[in-house]
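Dear colleague,

Please find the structure below. My notes on two of its chains follow it.

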Amino acid sequence: MKFFPLVWANLTRHKRRTVLTTLSVALALFLFASLRSVLTTLRAGAEVGSESRMIVQSAKAIVFFLPMSYRERLLAVPGVQAVTWADWFGGVYQDPKNFFASFAADPESYLDMYRSDFTLPADQRAAFIKERTACIVGQHLLEKYGWKLGQNVTLQGTIFQGDWTFTIRGVYHATSPAFSEDALMFHYEMVYERYPGWVQPGWYVLQLKDPSLAPQVAAAIDSEFKNSSDPTKTGTERAFNAGFVTMWGNVSFLMDSIGMAVVFAILLVAANSMMLSARERTNEVGVLKTVGFSDRLLFGLVMAEASTIALGGAVLGLGAAKALYRPTGFSAMGFLPGFDVTAGTLALGLGIAVVLALASGLVPAWTAARLSAVAALRHVE
Amino acid sequence: MKIPLIYNVRSLARRPVSSAMTAVGVALVVGVFIAMLALANGFKVALVRTGAPDNVIVLRKGADSELSSGISRDNAAIIAALPEIAVAADGQPLVSPEVFVPTNLEAASGGDAQLVVTRGVTTRAFEVRRGVHIVAGRNFIPGRDEIIIGSAIAPRLAHSAVGDTIRLAGRGWLVAGHFSAGGSAFESEVWGENEQLMPALRGQVYQVVAFRLRDPALFDEAKQTLEKDPRLQVDAHRESEFYASQSLVLRQILDFLAVFITGIMAVGAVFGAVNTMYAAVASRTSEIAVLLTLGFKPRSILASFLAEATFLALVGGLLGCLVAIPINGIVTSTTNWSSFSMIAFSFRVTPGILAGGVLFSIVMGVVGGFFPARRASRMPVVQAIR
Amino acid sequence: MALVSVRGLTKSFQRDSQPITVFDGLDLEFAEGSFTALMGPSGSGKSTLLNLIAGLDQPTSGTVTVGDAVVSAMGPGALAVWRSRHVGFVFQSYNLLPVLTAYQNVELPLLLTRLSKAERHDHVMTALGVVGLTDRAEHFPRQMSGGQEQRVAIARAVVSDPTIILLDEPTGQLDARSAAEVLELLQRLNREFHKTIIMVTHDPHAAQAAGMTLHLDKGVLTA
C-alpha cells in the first residue's frame with residue numbers, strides 16, 4: 001500500500017521501542033504456543049490407539065493380575081478374533097533415570113496382534129520366538145543406548161526382584177504413532193516360570209472382528225466376570241490411552257490460566273508502547289489532518305502500525321515454537337511424546353495477535369481520528 | 001539519594017495510564033511466579049510431610065516404590081524383632097506392616113475411575129505413621145468391612161461420605177470416617193484393616209513394613225542389620241527421604257515450568273518497563289537539564305530514574321503478591337507416577353515465596369530501568385535545554 | 001472576483017469556562033489571485049480566521065465560502081477531502097514529519113489522490129524545483145536549515161496545485177535572509193503561478209512582500 005512508507009517510518013522512528021515491543025509479543029506467543037501444545041499433545045496421545053483392539057484389565061486396579069484361565073473364555077466371546085496377554089515389567093536399566101517401557105508378553109500372539117503397527121524382519125522374529133531369553137527392542141531405544149543386535153541387556157527388576165538379562169534378537173520399527181519405539185519386550189514365560197504360583201497376565205489384548213462390536217464385547221466380558229474374584233474392566237485401546245491422559249489432572253486448567261495471564265501481560269506492554277508513540281505524535285496528526293488526511297485514514301495508519309508489531313511478533317514467536325520442538329525431538333522426558341505445535345494452535349496464536357493489534361491500537365487510533373487539527377497543532381509534548 | 005523520591009512518584013503519576021500498565025505487567029509476572037512456586041511447594045510439602053526422620057520403611061530389595069514391593073508375613077515378623085525399634089506404651093514394638101495397592105474407585109464427577117492408594121494397616125499404624133487424625137465419623141473397627149478415607153481425596157470420590165458404602169476391589173465397604181494427616185500424601189489414601197483388605201487385594205503379602213526407631217541415629221545400624229539378613233532381601237529407607245525422593249520427577253517438572261514460564265514473562269515485562277522509562281526520560285529532558293544546571297551530579301540523576309523504575313516495579317510486585325495470595329489452600333490433584341495413583345495437594349504460599357516475588361519485581365525494575373536511567377544521566381546539559 | 005468569501009462570521013469559544021468571542025459578524029473577501037497579508041496584535045483572531053478558511057475550525061455562525069465550497073457547512077470527512085485538493089497550509093514551525101525525507105514530506109498530500117507513483121514523482125520534483133530544493137529530496141528535516149525546511153513545507157503546500165495557499169507566520173522562525181528567500185518564493189507563486197495567498201504575519205517586512213495588507217484587531221477589520 002502506498003501509505004506503508006509512512007507507517008514504516010513511524011515504526012522505525014523509535015527502533016528500540018518497536019523492537020522491544022515486537023520481541024515481547026514474540027515471547028508471549030512463543031510461551032502461549034508452548035503451553036497450548038502441552039494440552040494438544042496430551043489430547044493427541046489420548047486419541048491414539050486402535051478402535052478394533054480392546055484392553056481387558058482388572059477392575060480392581062491395573063496392578064492386579066487376571067487369571068490365565070480367562071484366555072479361553074475371552075476367545076469364546078462373540079466378536080473376539082484373537083487374544084494375547086502381557087505383564088508390565090518396569091525394569092530399571094543401570095540408573096533409575098533411564099526410563100523406558102519393558103514388559104513381558106506372549107511372543108507369537110502379541111506380535112500377531114500388533115502386526116499392523118510395526119515392522120520386524122522375519123528372521124529376527126523367528127529368532128526371538130525361538131529363544132526364551134530373547135527380547136526385541138524398538139529402533140529408537142537401540143540408538144539411544146547404542147545397543148546392537150545380539151547384545152545382552154540387563155535390567156534390575158522392581159516388581160520382579162533381581163537382575164534379568166535378555167539377548168536382543170530383534171529390532172522393530174514402529175509404523176503407527178500408538179506404538180512406542182522406546183520399549184523392550186521379552187517372553188512372558190520368563191516371569192511366569194520364576195513365580196509360577198503368582199504371576200498371571202497383567203492385561204489381555206483382544207482383536208475384534210469389527211470395531212463396531214466394541215461396546216457389546218466390553219459389556220459381555222465385564223458382566224461375565226463382574227461377580228468373580230477378578231472382575232474386569234474392558235475398553236478400546238483408544239479409551240485405555242485416554243485414561244492415562246486424565247491422570248494428569250488439572251493440567252489443562254493450569255496451562256490455560258497461565259496462558260491467559262501471559263497474553264494479558266503482553267497486551268499491556270504492546271498497548272503501552274502504542275500509547276507512548278501516539279502521545280508523541282499528536283502534533284503530526286494535526287499536520288496530516290491539515291494536509292487533508294481524513295480521520296478514517298489516520299485511524300487506519302495507527303491501526304496499521306499496531307498490526308505490524310503484533311503480527312510481526314506473532315510470526316516470530318509462533319514460528320520459533322513451531323521450529324523448535326519437533327525437529328529437536330523434544331518430548332519432556334518422555335511424558336509428552338510427539339510434542340509439536342499444531343495448526344490449530346498457530347491459528348489461535350494468530351487470532352490472539354489480531355486481538356492484540358486491535359486492543360493496543362484502538363485507543364490511540366480512535367484518539368488520532370477524533371483529534372481536532374487545531375488542538376493537535378497547539379499541543380506541545 | 002539526593003533527588004527526593006517524591007519527584008519520581010509524582011512523575012509516575014503524571015503518566016498514570018502508562019505507569020499503571022507497566023506495574024500491572026510486572027504484577028502478572030510476579031503473580032504467575034508465586035502461583036507456580038506455590039504449586040511446586042504444595043506438592044513437595046505433601047510428599048515431604050509424609051515422612052519423619054525417625055521412621056523407617058522397609059521394602060523388598062530393588063523395589064523403587066511401595067507399589068512394586070512385597071514382604072511376606074514371616075519376613076514382617078523377622079523385621080519386627082529388630083532391637084532398634086522403639087517400644088510403645090503397652091510394651092509392643094512400634095511396627096506397622098502395611099498393604100499398599102492402587103485401586104480403582106468411582107470418581108465423584110462420574111468420569112473414569114480414579115486410581116487411589118488403598119493402604120492396609122493395623123491399629124498400630126496410627127502411632128507409627130504420625131499425624132493421622134480422624135476428622136469425621138470414626139475410625140474403622142477391626143474385623144469389620146470398614147474403611148476410612150483421607151480428607152484430601154474424599155471430595156473427589158463417589159459414595160465417600162461418612163456412612164456410605166463404597167465399592168473397592170470388588171466388594172462393598174462402609175465408610176466409617178474421614179481422616180487428615182497434616183497435609184501429607186496419606187490424605188490422598190484410603191485406609192482399612194490389613195486382615196480385611198488382604199484377601200480382597202493381593203493376598204497374604206504386605207508391601208511395606210514401617211517402624212519407629214528408638215533413636216534416629218540408629219538408622220544406619222538398623223539398615224545394615226536388615227539388608228544383610230539373608231532371609232530377608234530388603235532395602236531400608238528413612239521415611240522422610242523416601243517420600244521426598246518419590247516426588248522428584250514431578251517436582252523437577254514443576255520447577256522447570258516455573259522458571260521457564262516466569263522467565264519468559266519477565267523478559268516481556270522488563271521490555272515494557274524499558275519502553276516506559278525511555279519515554280519518560282525523553283519527555284523530561286528539560287527537567288533533567290534544570291537538575292543538572294542546579295548542580296545535581298549525573299549519578300544522582302541515574303539513581304533517581306533507577307529508583308523510579310524500581311519503585312514502579314515494586315508496586316507491581318506487591319500487587320502481584322496481593323493477587324496471588326488467595327490461591328493459597330486451593331486444592332488440586334495430579335498423579336504421583338511413583339505410586340501410580342492420584343495425589344491431592346494444595347497450593348502453598350509461604351512468606352519466603354512472597355519475598356521471592358517481591359525481590360523478583362525489584363530485579364525487574366532495576367534491569368528495566370538501568371539503561372534509560374543511564375541515558376538520562378549522560379544527557380549533555382546543552383542538548384537537554386534545547 | 002472573490003475566491004474566498006466570509007459573511008457574518010461569528011466565532012466564540014470557551015476557555016476554562018470563560019466565553020471568548022473572537023469574531024462578531026465579520027465580512028471579508030479575498031480576490032482570486034490576490035496575495036494578502038493579515039496583520040494584527042496577538043489575540044486579534046488572525047490565526048483563527050485562517051483555520052476557519054481552511055475548514056480546520058467551524059464558525060459559531062455565518063458562512064465561509066472558498067470557490068464553490070461552502071466550507072462552513074461541510075462535514076469533517078468532506079472537509080478533509082476538500083482540503084487535500086484545495087488548500088496548501090504552511091505553519092510557523094514548518095511541521096515537517098521528522099521521520100520522512102523532504103521528498104516524502106512533499107509527497108504526503110498526493111498520497112490522498114489516485115495518482116500513480118510515477119505521476120506523484122513528477123509532481124513532487126516539480127514542487128521541489130519551484131522552491132529550489134531538488135538536490136535535497138532525500139534529506140531529512142534535521143539535515144536542513146530552518147529556511148530550507150520552510151521551503152520544503154511550501155513545496156508540500158503547492159504540490160497538489162491547491163486553490164488557496166494559507167500561511168501562518170511563515171517567517172516567524174527564520175533569519176532575515178531565509179525570510180527574504182521565502183517571501184520571494186511566495187511572490188513568484190503569486191505572480192507566475194497566479195496562486196491566491198493569504199498570509200498571517202506580524203512582520204511588516206513580510207507584509208510588504210504581499211500585494212495588500214489587512215489589519216485585524218479584536219476580530220474587526222481596521223484600516
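Two strands are taken to pair if DSSP finds at least two bridges between them, and strands (E, at least two residues) and helices (H or I, at least four) are DSSP runs numbered from the N terminus. This is a predicted model, in which local features need pLDDT of at least 70 and side-chain atom pairs count only at pLDDT 80 or more, while totals for chains, interfaces and linings use all residues. Residues are numbered from 1 along each chain as its sequence is written, and chains are lettered from A and ligands numbered from 1 in the order in which they are written.

In chain C, strand β1 (residues 2–15) pairs with β2(C) in the antiparallel sense over 11 bridges. C:V4 is found opposite C:F30 of β2(C). The open sheet has 4 strands with antiparallel pairing, ordered β2-β1-β4-β5 in chain C.

Turning to chain B, an automatic or database domain assignment sets the bounds of domain 1 (5–48 + 248–385) and domain 2 (55–214). Taken over C-alpha atoms, the centres of these two domains of chain B are 46 Å apart. Their contact (C-beta atoms, placed from the backbone, within 7 Å) takes 12 residues from domain 1 of chain B and 15 residues from domain 2 of chain B. On the domain 1 side, α2 (16–48), β13 (331–336) and β14 (341–346) of chain B each supply at least two residues, and β14(B) gives the most, with 4 residues.

Kind regards

Methods
Two residues are in contact if their C-beta atoms, placed from the backbone, lie within 7 Å.
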